[in-house]
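Here's a quick briefing to read alongside the structure. Have the viewer open and follow the topics in order.

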Protein chains: 2
Amino acid sequence: MGEFGLIKRLTKDIKPVQPSTQKAAGDDCAVMNFGKVKNLKSPRVLMTTDMLLEGVHFNLEYVPLKHLGYKAAVVNFSDIYAMNGTPTQITVGLGISKRFSVEEIEELYSGIRLACERYGVDLVGGDTCASMTGLTISITCLGVADEKDIVYRNGAKLNDLICVSGNLGTAYMGLQLLERELMVQRATNYGNNPSSNGETEGPSAFEGKEYLLERQLKPEARRDILEPLRKAGVKPTAMMDISDGLSSELMHICSQSNVGCCIYEDKLPIDYQAAALAEEMNLNIVTCALNGGEDYELLFTCSLDDYEKLIPVEDLYIIGHITKPEYGCNLIGRNGEELALKAQGWNAFEN
Amino acid sequence: MGEFGLIKRLTKDIKPVQPSTQKAAGDDCAVMNFGKVKNLKSPRVLMTTDMLLEGVHFNLEYVPLKHLGYKAAVVNFSDIYAMNGTPTQITVGLGISKRFSVEEIEELYSGIRLACERYGVDLVGGDTCASMTGLTISITCLGVADEKDIVYRNGAKLNDLICVSGNLGTAYMGLQLLERELMVQRATNYGNNPSSNGETEGPSAFEGKEYLLERQLKPEARRDILEPLRKAGVKPTAMMDISDGLSSELMHICSQSNVGCCIYEDKLPIDYQAAALAEEMNLNIVTCALNGGEDYELLFTCSLDDYEKLIPVEDLYIIGHITKPEYGCNLIGRNGEELALKAQGWNAFEN
């Protein structure tokens with residue numbers, strides 16, 4: 001049907017919901033009017049981009065296309081929320097190989113559109129082209145924020161509290177679960193491994209572990225934490241979303257803010273399902289929480305003066321505090337031992 | 001050196017020149033202030049995205065990395081100019097396989113940065129990741145325009161003049177030249193073709209044809225035509241840039257404007273080097289001009305009342321006029337014969 005036919009089919013019935021969207025798909029560019037954004041005195045436009053490549057960021061052997069589309073959009077929204085902004089528009093670049101049917105591309109797109117619907121974001125354009133190799137998804141997201149509300153990475157101050165919006169390492173354990181099951185399936189399919197080996201649990205392999213899969217396959221961006229913070233009168237001093245892992249992101253905030261930090265092992269929020277699976281797989285759940293990545297929780301620092309205001313906020317965990325730069329970035333273990341944080345990121349797990 | 005080290009190296013010394021750029025690389029998002037853009041009463045933000053994939057859009061056997069980076073940026077600028085806007089910021093998504101050295105990636109980036117410098121655009125962010133397969137480049141560009149200046153595709157009116165900003169089919173002939181030389185080189189390298197066959201002209205194969213190569217490898221976006229038009233007091237009624245080919249783009253304008261068109265073979269601007277090479281290669285240069293693509297010239301329509309004002313504008317060719325929709329889209333040949341235009345696009349040439 002050709003590129004234009006495909007784009008037409010993928011983008012039909014899209015109705016912009018953002019007042020700033022003046023002209024969406026169908027021309028050389030989308031057109032936005034950010035001049036007067038409701039309730040914003042000095043509107044600023046935020047822009048972020050993320051590229052997802054098959055075989056690097058996702059494995060289509062176990063990632064459903066609709067989930068992939070959803071996640072590809074949400075990780076961009078997460079970057080906008082991490083600046084304390086509101087995502088408003090995205091453009092989608094897709095490189096598609098011939099092995100995909102139109103229905104499969106529609107499935108991928110339906111995930112992107114569902115994410116847009118849920119987060120009130122307009123899909124305003126894109127570029128769809130043939131790929132000689134794997135599937136490529138590149139999404140760019142615009143957002144808005146009032147000048148005074150924007151939170152950068154470089155504002156953390158001595159004695160600030162370090163907070164996260166939810167449990168860590170869970171998405172990584174979800175990935176481990178999927179990878180393990182894939183290995184089992186492959187072994188079964190090739191007949192190298194009799195089904196009686198006790199590992200091929202079939203459909204029940206994921207039973208009781210649905211939450212881990214959800215965190216890996218269909219993460220949400222934590223906009224729900226920003227509103228309660230605003231209502232409580234708290235503006236974070238520095239903020240990032242956790243895509244590469246707590247250690248790595250925390251070290252970014254510290255290096256850009258020229259401070260050190262101290263976090264406590266026993267304060268790290270860890271999901272019990274994730275902990276149980278880590279035990280089963282002989283993994284250290286604390287290492288997973290520090291370096292697992294893809295949790296898309298918000299990591300932020302707040303003034304110590306805001307401590308009382310933070311208490312009633314749900315899903316908020318205070319895990320440590322900001323120190324002088326010469327102290328470095330450290331984790332205090334359960335037995336009081338001090339360990340320097342390392343920015344491994346999730347890539348390190350691949351080795 | 002890791003992703004962050006690489007990005008730091010690639011983006012060091014980048015100094016924003018656009019007043020709207022408030023915060024470039026180094027945080028979750030770039031931050032822009034489009035509230036007060038000089039000379040614009042009602043600023044609008046334009047957004048466009050383009051994805052380039054190795055093996056589909058470019059062949060690294062003959063495309064130098066610096067040229068590739070330059071072109072990847074410029075084709076985005078071209079989309080902004082095609083709305084009568086000014087490009088202001090880009091983000092760059094790169095998927096890089098292990099076969100590339102840091103120096104090669106710097107070479108690619110230097111082309112992107114050169115294009116940004118020449119067109120006054122800020123590189124404000126990006127995403128660089130490992131690719132298991134070929135090189136992937138995804139660039140998203142923002143731009144600004146005053147509400148009243150924006151030119152869409154749907155404004156062409158009956159009797160409007162159809163104009164292009166420069167010769168057509170030249171980039172396509174440049175591609176043919178490069179492909180031919182590649183075949184010769186391959187044959188020579190594999191020893192299947194003795195060097196005495198008269199085709200392996202070596203370094204002189206491109207002599208006298210440098211312009212064709214330049215149009216293919218290092219196209220420019222035609223911002224230089226917009227200023228004279230503005231000074232002449234002419235606002236196009238509809239506009240697009242020619243990336244897929246004149247026929248295809250003209251049919252877009254006509255379908256979106258609900259009009260027909262009539263263009264004349266003898267009015268099509270054709271470069272003499274391109275015509276000579278087409279002759280040599282047994283190609284019909286008019287077909288190349290209609291469907292070749294990648295010329296990145298501007299195609300626009302203007303009111304017939306503006307005819308006198310258009311005459312002094314350099315590099316502007318009037319190739320036909322807008323008709324009633326029932327007439328369809330037609331080319332009048334040199335002998336007066338009428339041919340219906342087909343939206344082949346450049347992909348059709350691949351078959």
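This is a predicted model: local features need pLDDT of at least 70, side-chain atom pairs count only at pLDDT 80 or more; totals for chains, interfaces and linings use all residues.

Chains A and B superpose by a rotation of 180°, and strands from both of them turn up in one open sheet.

**Confidence**
- Chain A has a mean pLDDT of 90, with 93% of its residues at 70 or more.

**How the two copies relate**
- Which residue of chain B comes closest to the rotation axis? B:Gly35 does, with its C-alpha at 2.9 Å.

**The sheet built from both chains**
- Reading across, the 6 strands go S1(A)-S2(A)-S3(B)-S6(B)-S4(B)-S5(B), with mixed pairing in an open sheet.
- The edges are strand S1 (21-23) of chain A and strand S5 (122-130) of chain B; each has a single partner strand, so one side of each is left without a neighbour in the sheet.
- Direction ignored, neighbouring strands are turned by 25° against each other on average.
- Inside the sheet, S3 (residues 43-53) and S6 (residues 136-146) of chain B are antiparallel partners over 11 bridges.
- For a spot to look at in that part of the sheet, find B:Leu46, which stands opposite B:Gly143 in S6(B).

**Helices across the chain B strands**
- H2(B) lies across S3, S4 (86-96) and S6 of chain B, and it runs at about 30° to S6(B).
- Helix H3 (residues 102-119) of chain B lies across S4, S5 and S6 of chain B, and its angle to S4(B) is about 170°.

- B:Ala73 belongs to helix H2 (residues 65-81) of chain B.
- Is B:Ala73 buried or exposed? Its relative accessibility is 0%, so B:Ala73 counts as buried.
- Setting aside neighbours within four places in sequence, the contacts of B:Ala73 are B:Ile112, B:Ala115 and B:Ile139.
- B:Asn154 is 81 residues away from B:Ala73 along the chain, and their C-alpha atoms are 26 Å apart.

**Strand S4 of chain A**
- S4 (residues 86-96) of chain A is mostly covered, with 10 of its 11 residues buried.
- One pairing of S4(A) is with S6 (residues 136-146) of chain A, antiparallel over 9 bridges; A:Leu94 stands opposite A:Ile137 in S6(A).
- Another is with S5 (residues 122-130) of chain A, where the strands run parallel and 8 bridges join them; A:Val92 has A:Gly126 in S5(A) as its bridge partner.
- From S4(A) the chain crosses through helix H3 (residues 102-119) of chain A to S5(A), and this β-α-β crossover is right-handed.

Notes. Residues are numbered from 1 along each chain as its sequence is written. Chains are lettered from A and ligands numbered from 1 in the order in which they are written. Side-chain values use heavy atoms; hydrogens and water are left out. Copies are superposed by least squares on the C-alpha atoms of residues with pLDDT of at least 70 in both. pLDDT is the predictor's confidence in each residue, from 0 to 100. Helices (H or I, at least four residues) and strands (E, at least two) are DSSP runs, numbered from the N terminus. Buried means under 20% relative accessible area, exposed over 50%, partly exposed in between (1.4 Å probe, protein chains only). Contact means heavy atoms within 4.5 Å. Two strands pair if DSSP finds at least two bridges between them. Axes are lines fitted to C-alpha atoms, for helices over the stretch in contact, and angles run from 0 to 180 degrees between N-to-C directions. A crossover is right-handed if, with the strands pointing away from the viewer, the path from the first strand over the helix to the second runs clockwise.
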